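Thank you all for coming; I would like to walk you slowly through one structure today. Please have a look at it first, and then we will go through it together.

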Amino acid sequence: MDKSPHKRNFVNVSGINLHYLDWGGNGEVLLFLAGRGCNAHNFEDFAPRFKDKFHVMALTRRGHGESDHPETGYDIDTLTEDIGQFLDALSIEKVILAGHSFAGVELSHFSALYPERVLKLVFLDAAYDRSSTSYKTMVVNSPLRDILAPGLDVDFYSEDDYFAAMKRAFPLLQTIWTRAMEEQCRHEIMQTPEGTIVEKMSQPINKAMTDTMTSYVPEDSKIRAPTLSFFALSKGIYNISNDWMTEEQKTQVMNHFETTVNSNIRENIEQFRQNVPHAKIIEILEGHHFCFIKHEELVYKEMRKFLLE
């Protein structure tokens with residue numbers, strides 16, 4: 001049951017309905033954008049903490065959660081235009097954008113197109129250039145591509161069974177499986193006429209999102225607004241399963257993170273620092289990609305300080 005103290009509503013943008021949550025509050029609008037495969041409910045525990053100073057909202061992009069899932073419109077221009085039209089529909093002239101993961105491409109492109117509408121930016125482990133050769137090489141060489149989790153080759157007929165399997169198969173999720181995470185996951189699945197639980201997002205939409213993410217070259221050098229960027233460096237511990245991984249597999253994963261992954265993150269940190277010299281950068285050691293959940297107090301403290309400056 002959804003118990004977060006917010007208003008749930010929809011806005012029609014270019015003929016499709018986009019879902020959003022509104023926690024209310026006074027002050028400038030602080031709009032949260034979730035990562036790929038996630039939705040506004042992801043921020044149910046974190047976002048309301050800012051409503052004493054800001055009007056806090058979270059938007060679910062097309063193809064996700066309760067928003068419509070059209071077959072097209074997953075290019076960076078359309079996704080960014082969706083945000084602009086959402087703001088227009090609610091008569092929001094200027095906004096603070098806080099985006100996680102994939103949302104970094106939307107923050108970067110929106111800032112390049114509409115710098116006058118951006119008050120501040122917060123990248124929640126989101127300021128990455130995934131079009132780079134080093135990123136694509138890192139993904140191809142990841143041992144996680146070849147380590148297949150058990151228990152996913154069966155049909156699931158209840159949300160609880162599905163969630164239990166996902167948590168077991170993906171340790172990264174298990175370590176941040178809060179009430180808010182479960183609620184957001186609940187809006188990313190559906191039950192088929194046959195009774196099985198499946199993901200709402202189709203493979204074509206998933207591929208279109210991936211293509212956008214890996215082809216977009218960040219326009220961060222055009223960012224003029226005050227900017228805060230969190231980077232989660234990792235030793236790979238959150239991707240390790242002591243339940244079903246062999247010792248050899250665990251070693252492979254840890255080595256991959258300690259060398260290749262962290263090297264790529266360092267590369268992105270330096271690139272972002274050069275492109276956005278005025279940005280404040282926070283490096284989270286032994287960090288989790290969902291930093292606003294796993295490291296909530298640290299992220300909240302630094303983000304609040306930045307937003308109130």
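This is a predicted model: local features need pLDDT of at least 70, side-chain atom pairs count only at pLDDT 80 or more; totals for chains, interfaces and linings use all residues.

Strand 9, residues 227–232, and strand 10 run parallel and are joined by five bridges. Packed on the sheet we find helix 8, residues 247–275, which touches strand 6, strand 9 and strand 10 and whose direction makes about 170° with that of strand 9.

Now to the sheet itself, which is open, has eight strands in the order 1-2-4-3-5-6-9-10, and shows mixed pairing. Strand 1 (7–13) and strand 10 (280–284) stand at the edges with a single partner strand each, so one side of each is left without a neighbour in the sheet.

Helix 2 lies across strand 3, strand 5 and strand 6, running at about 155° to strand 6. Helix 2, residues 103–113, also packs with helix 1, residues 76–89, at an angle of about 70°, the axes being 9 Å apart, and the two helices are therefore roughly perpendicular to each other.

Finally, where does Thr 60 sit? Thr 60 is found in the loop between strand 4 (55–59) and helix 1, and it counts as buried because its relative accessibility is 1%, the cut-off for buried being under 20%. A polar atom of the Thr 60 side chain lies 3.0 Å from the backbone nitrogen of Ala 40.

Terms used: Residues are numbered from 1 along each chain as its sequence is written. Side-chain values use heavy atoms; hydrogens and water are left out. Axes are lines fitted to C-alpha atoms, for helices over the stretch in contact, and angles run from 0 to 180 degrees between N-to-C directions. Helices (H or I, at least four residues) and strands (E, at least two) are DSSP runs, numbered from the N terminus. Angles under 35 degrees count as roughly parallel, over 145 as roughly antiparallel, 65 to 115 as roughly perpendicular and the rest as oblique. Buried means under 20% relative accessible area, exposed over 50%, partly exposed in between (1.4 Å probe, protein chains only). A polar contact is a pair of N or O atoms within 3.5 Å; within protein, one must be able to donate a hydrogen and the other to accept it, and residues adjacent in sequence count only if both atoms are side-chain atoms. Two strands pair if DSSP finds at least two bridges between them. Contact means heavy atoms within 4.5 Å.
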